[in-house]
Amino acid sequence: MPPELVPLALQLLNALAFSMLLFQLAAGLSLIFGLLRFVNLAHGAFYMLGGYLGLALAQASGSFWLALAGVPVGVGLAGLGLEVVLLRPLYRRPHLEQVLLTFGLAFVLGDVVRLLWGGEVRSVAPPPELAGAAFLPGLGVGYPRYRLFVIASGLVLAGLFWLLQARTRLGAIVRAGVQDPEMVAALGIDVGRLFTAVFAFGVGLAAYSGVIAAPYQSLQLGMDFEALLLALIVVVIGGLGTLRGAFFGALLVGTADTFGKAAFPDYSLLVISALMAAVLISRPAGLFGRSLG
Amino acid sequence: MPVNVDPALPSRSVASLSRRGFLRALAATGAWAVGGSLLAACQPAAPPPAAPAAPTTAAAAQPTSAPATSAPAAQATAAPAPQPTRAPTTVATVAPAAAKPASTGPLKLGVLLPFSQVYAQLGADILDGMNLYFEGIGNKAGGRDVQIVKEDEGVDPAPAVQKVRKLIEQDQVELFTGIVSTPIAYGARDLLHNAKVISVISNAGGNDLTRGRKSPYIFRVSFSAWQVAYPLGEWEAKNLTKKVVITAADYGFGRESAAAFKQSYEQNGGTVLKEIYPKFPNNDYAPNLPEIQAANPEATYNFYSGSDAVNFVKQYNDFGLKKTIKLTGSGFLLEEDVLPAQGEAALGGISSLHWAKTLDNPENTQFVASWRAKYKREPSVFAMQGFDAARVIVEALNKVSGNTADKDALVKAMEGVKFSSPRGAFEFDPATHNVINPIYLREVRLVDGKPGNVVTATLGTIKDPGA
């Protein structure tokens, strides 16, 4: 590759890595909205909780991989409990009450993290096999291995979701539930259980993205709402409730943000906001969203 | 800091929300949440019955944070009410508070420090530093027991300034200390000045607080941005390289640090090849790193703090810049609060600050040992600033026998406070009320197997020019 193109290639890799981080973060939020029809404002808090639990489990066990596997399951189960105990009684009430509940939950979880871990900035070391930089022969430069792993994880996850949605009975039920929950119930499928499962899965995904993000960035108080905002932007741009939207929304936001930061570092937030405004004006339901009227 | 500019929330009623409008409202709710004005975010969601029950903080924050809202009727009637009543109270309470003989009974010391959100650790360190000093001298100042009335600073100026008002008017504190964030210090400045509450700022380092906006009643025991950054520019031009790139978080303190460094660096023959100001806060500096490399400098001067500092230093290392481009910066980039999280990525980093944990003087040895014994963790520069803030208050009150009613005498006493601090000699510049700081050159090396700042030189005793 000609040397003058190397910075561009590096920025493309940066954009892809950040996009995949965003996709993994936003997927759970989008999934829950698609079926349960409310925005889980505690999504960022579950992400933060995942990051901190990942830190704890990785420190205790000495294995990042164990944390990456165990934390999403644990947090997902906690999400399952929360859905059954707190959210289910609210399904007959307006959606806004469910949203407010998750909003309150976000504060409670934020304080729990503060009580358990304090206000210090924490960081998680990548596993030894992903530490340092990998030499990319085509580019002639090194690139952090962990970022390559984040890209791989995002792409694999996207592939799995697609298979699950397009090729399995469960995926078909979820898709049907997104379209018309009453009809699905009329066909004899237990929609309540489906809701519980999807909520738990979405929450587990938030925790998974938290563990993934921890070595990429760092852990600190306030990361929950920062993540929530980014996830909301991604799903609003991509179209609420579709995983395809989350994927392409993340790609768009990640790329715009990376090149925006490189070109005008001090106005970079503006780039994302302008992108969101442009998408909402031309396609109010988002890129892949259907008008749900 | 994302200040809460009201993103013009739709004020439509809940019942008539269309699905799409609902989504937009939610997105806006999320945006608000991030801005930090959390309770206010319930505004569009809460139907009228919820309004009276809204906690006072929300109500108090509303008029100042969102004066330009397209206010719904309910708000329009509610908002003006507190405003006029509040303005007169400022005037009314000042006189009695000043006239009250306040030299007996416990000394009410108002403290505003962040105990939540991103600066929570700084607030905890400063308060613990204060308590360490107060306990060491039997919790007495001028013969009176010290009674702390504390409020959470958070990160948002509007609610934080309301809390300063509460401390002055409702709690009638005799002295005030704290404030981590510069915008909050600027916001509180007039309140403190007009009420003549003698104040000891224990962090916020914006230059103007002891320059254009200085007050006879406000003292600063921490630093000014200029004070920390200026000496390193000269040292770096003379001893390290004449070619640097400057990067700093895009807010007042970051820009002021960068400007002071640049000023002395250029005065000494250095060339700044490029300046980059990434937005604040920021998790990912990867997009900026190729820009640094492209300018081909021999070193970078950087200012970030907290999690930004962790991310920047780690990513600077991950992308291999540290091997060829020397990492230098403000002391906050590599201070004790972020060093454990940065780990070995910080090794070799050079910075300037008015303190270092390994600083070799008897007061510091004593301070670090007693801090570790009491809190079972490592002290930071913020802890030291809290410790010194408490000492300044005690020394000044001892001189006036605990009488806070005679403001002029207390100001004089404050101006004359001198002692040996863990940072070295402590004294105020009577012209600005900013502390005169020794500034140290520090390098991150392995100390007992862990990265720590080692003092390699003293860059002088630095007085802020005050203009």
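Strand S7 of chain B and strand S9 (residues 299-303) of chain B run parallel and are joined by 5 bridges. Two strands count as paired where DSSP finds at least two bridges between them, and helices (H or I, at least four residues) and strands (E, at least two) are DSSP runs, numbered from the N terminus. Within this pairing, Val245(B) has Thr300(B) of S9(B) as its bridge partner.

The model is a predicted one, in which local features require pLDDT of at least 70 and side-chain atom pairs count only at pLDDT 80 or more, while totals for chains, interfaces and linings use all residues. Residues are numbered from 1 along each chain as its sequence is written, and chains are lettered from A and ligands numbered from 1 in the order in which they are written.

**The region around S7 of chain B**

A residue is called buried if 20 or more other C-beta atoms lie within 10 Å of its own, exposed if 12 or fewer do, and partly exposed in between, with C-beta atoms placed from the backbone. S7(B) also pairs in the parallel sense with strand S8 (residues 271-276) of chain B, over 5 bridges. There, Ile246(B) stands opposite Glu275(B) of S8(B). Between S7(B) and S8(B) the chain passes through helix H11 (residues 252-267) of chain B, a right-handed β-α-β crossover. Right-handed here means that, with the strands pointing away from the viewer, the path from the first strand over the helix to the second runs clockwise.

**The six-stranded sheet of chain B**

Chain B also holds an open sheet of 6 strands in the order S2-S3-S1-S4-S5-S6, with mixed pairing. Strands S2 (140-141) and S6 (218-220) of chain B are at the edges; each has a single partner strand, so one side of each lacks a neighbour in the sheet. Helix H9 (residues 182-194) of chain B packs on this sheet and touches S4, S5 and S6 of chain B, with its direction at about 140 degrees to that of S6(B). Such angles run from 0 to 180 degrees between N-to-C directions, and the axes are lines fitted to C-alpha atoms, for helices over the stretch in contact.

Strand S1 (residues 107-113) of chain B is mostly covered, with 6 of its 7 residues buried.

| Strand pair | Sense | Bridges |
|---|---|---|
| S1(B) and S3(B) | parallel | 7 bridges |
| S1(B) and S4(B) | parallel | 4 bridges |
| S4(B) and S5(B) | parallel | 4 bridges |

Individual bridge partners trace these pairings. Thr177(B) in turn has Val200(B) of S5(B) as a bridge partner.

Chain B as a whole has 18 helices and 15 strands. Of its 467 residues, 51% are buried.

**Chain A**

Chain A contains 11 helices and 2 strands, which follow one another along the sequence as α-α-α-α-β-β-α-α-α-α-α-α-α. Its strands S1 (residues 133-136) and S2 (residues 141-144) run antiparallel and are joined by 4 bridges. One bridge in this pair links Leu136(A) to Val141(A) in S2(A). S1(A) and S2(A) form a hairpin with 4 residues between them, and Gly140(A) in the turn has a positive phi of about 75 degrees.

The C-alpha trace of chain A spans about 60 × 50 × 35 Å along its principal axes. Its radius of gyration is 19 Å, in agreement with the value near 19 Å for a compact globule of 293 residues; the radius is taken over C-alpha atoms, and the globule rule is 2.2 Å times the number of residues to the power 0.38. Buried residues account for 53% of the 293 residues of chain A.

Ala176(A) lies in helix H6 (residues 169-179) of chain A. Ala176(A) is partly exposed, as 16 other C-beta atoms lie within 10 Å. Leu35(A) is 141 residues from Ala176(A) in sequence, yet the two are 9.1 Å apart in space, C-alpha to C-alpha.

**The contact between the chains**

The contact involves 41 residues from chain B and 44 residues from chain A, where contact means that C-beta atoms, placed from the backbone, lie within 7 Å. On the side of chain B that touches chain A, two or more residues each come from helices H1 (19-35), H7 (120-136), H12 (289-295) and H13 (306-318) of chain B. H1(B) provides the largest share of that side, 10 residues.

Definitions and conventions:
Two residues are in contact if their C-beta atoms, placed from the backbone, lie within 7 Å.
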